[in-house]
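I looked up some aromatic rings, a sheet and a surface patch.

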Amino acid sequence: MSTKDFIEKDYYKVLGVPKDATEAEIKKAYRKLAREFHPDANKGNAKAEERFKEISEANDILGDPKKRKEYDEARALFGNGGFRPGPGAGGSFNFDLGDLFGGGAQGGASGGFGGGLGDVFGGLFNRGGAAGTRTQPRRGQDIDTEVTLSFTEAIEGATVPLRMSSQAPCKACSGTGDKNGTPRVCPTCVGTGQVARGSGGGFSLTDPCPDCKGRGLIAEHPCMECKGSGRAKSSRTMQVRIPAGVTDGQRIRLRGKGAPGERGGPAGDLYVVVHVGEHPVFGRKDDNLTVTVPVTFTEAALGGEVRVPTLGGPPVTLKLPPGTPNGRTMRARGKGAVRKDGTRGDLLVTVEVRVPQDLSGKARDALEAYREATAGEDPRAELFEAAKGD
């Protein structure tokens with residue numbers, strides 16, 4: 001994404017949140033929209049796929065406090081499409097944002113300014129002198145990808161293979177851009193990749209060299225694979241460890257696992273959005289797992305011990321008190337999801353009293369006898385009494 005798009009796009013509007021939204025509000029909005037427009041839920045829908053990309057791009061900026069700060073600062077400064085120095089700078093002038101940031105912004109899959117606005121101006125403006133001439137290393141692109149885990153894998157953690165595509169040094173020419181591997185230094189910029197131009201008022205600006213496109217080198221015999229750029233699309237498969245306890249929609253950042261940098265610059269980061277499948281028995285509530293366990297009428301009335309399954313471990317036995325009502329929740333400690341500190345949440349066991357559908361003659365006689373023995377009891381008496389009081 002270009003710097004111009006970075007500044008002109010309203011990411012708050014994309015996620016439908018106000019500019020003062022909290023991190024939690026941004027995260028909630030992203031999860032809701034990501035589920036709605038995810039390609040898996042909209043197969044063959046190009047508009048939904050494009051919308052999902054916009055949502056992911058907006059979350060990449062607003063979900064990162066540092067990038068969000070840079071974005072807000074850039075929007076406030078350049079929102080009108082131009083920069084105007086104050087009095088004494090030699091008059092007002094406008095310049096194109098693409099010219100300003102053409103060689104100074106740190107590359108990334110979602111754009112942004114790698115070192116903040118101070119870094120941008122530090123390399124592009126010099127009061128009363130020429131701009132710096134040393135070509136700066138360029139950080140590699142950030143890469144966004146997704147992975148789908150089973151419920152158990154999300155709780156216990158898993159190592160999964162991820163196939164990713166990004167720009168990397170061309171293998172055919174070893175990143176030189178020249179098929180013979182012998183590019184020459186650009187005579188226009190003398191290998192710096194930048195040319196200076198005056199703007200009036202004592203300022204000078206630097207632009208990417210138009211002849212070498214900012215590389216500092218010119219390929220006399222351009223490589224057929226990369227067309228002389230020195231960069232080509234590269235695919236690789238990486239084994240990535242997803243930590244235990246991840247939740248559906250969680251975004252994991254893996255530093256330095258993105259696209260390789262240029263001119264000795266660091267690699268970008270890899271961002272993995274996790275999708276978690278459902279389990280036929282267990283559910284999840286924060287760091288706790290949930291399960292519903294059926295019990296008989298006699299177990300609920302008389303009490304007893306009930307065996308309860310756990311996720312990936314042996315069953316536990318819970319003691320059911322006499323007179324346990326339907327819907328009561330009990331707790332098996334330490335049998336839940338893994339927390340960040342390595343401890344585990346609990347297993348929340350909800351009791352469901354099962355009413356028998358088919359009764360034997362002996363069972364029916366016993367229930368008839370029970371009904372006669374409790375004929376004087378009315379469980380709805382308090383309900384009607386309370387209704388009169390209104």
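I began with a cut-off: a residue is buried if its relative accessible area is under 20%. A reminder to myself is that this is a predicted model.

I looked up Y12 and found a relative accessible area of 4%, so Y12 is buried. Y11 counts as buried too, at 1% relative accessibility, and Y71 is buried at 1%.

How many aromatic pairs does the structure hold? I noted three. In one of them, the ring centres of Y11 and Y71 are 5.0 Å apart with the planes at 45°, so I logged the pair as tilted. Y11 sits in helix α2 (residues 11-15) and Y71 in helix α5 (residues 65-78), so this pair ties together parts 60 residues apart in sequence.

Next I checked Y12 with Y71, a tilted pair at 6.2 Å centre to centre and 40° between the planes. This pair also links distant parts of the chain, with Y12 in helix α2 and Y71 in helix α5, 59 residues apart. I wrote down Y11, Y12 and Y71 as one aromatic cluster.

**Entry 2, the sheet.** I traced an open sheet of four strands in the order β10-β11-β15-β14, with mixed pairing. Its edge strands are β10 (283-285) and β14 (329-332), each pairing on one side only. From one strand to the next, the twist averages 35°.

I then followed β11 (residues 288-295) and β15 (residues 347-353), which run parallel and are joined by seven bridges. For T292, I found the bridge partner T350 in β15.

Which residues make the nonpolar surface patch of about 350 Å²? I listed F297, L359, L367 and Y370. F297 belongs to helix α9 (residues 297-302) and is partly exposed, at 40% relative accessible area.

Notes. Residues are numbered from 1 along each chain as its sequence is written. This is a predicted model: local features need pLDDT of at least 70, side-chain atom pairs count only at pLDDT 80 or more; totals for chains, interfaces and linings use all residues. Side-chain values use heavy atoms; hydrogens and water are left out. Two strands pair if DSSP finds at least two bridges between them. Axes are lines fitted to C-alpha atoms, for helices over the stretch in contact, and angles run from 0 to 180 degrees between N-to-C directions. Patches are made of residues with over 30% relative accessible area and no salt bridge: like charges are joined within 9 Å, nonpolar side chains (Val, Leu, Ile, Met, Phe, Trp, Tyr) within 5 Å. Accessible areas come from the Shrake-Rupley method with a 1.4 Å probe; for residues, only the protein chains shown count as cover. A salt bridge is a side-chain nitrogen of Lys or Arg within 4 Å of a carboxyl oxygen of Asp or Glu. Buried means under 20% relative accessible area, exposed over 50%, partly exposed in between (1.4 Å probe, protein chains only). Rings of Phe, Tyr and Trp (its six-membered ring) pair if their centres lie within 6.5 Å; planes under 30 degrees apart count as stacked, over 60 as edge-to-face and the rest as tilted.
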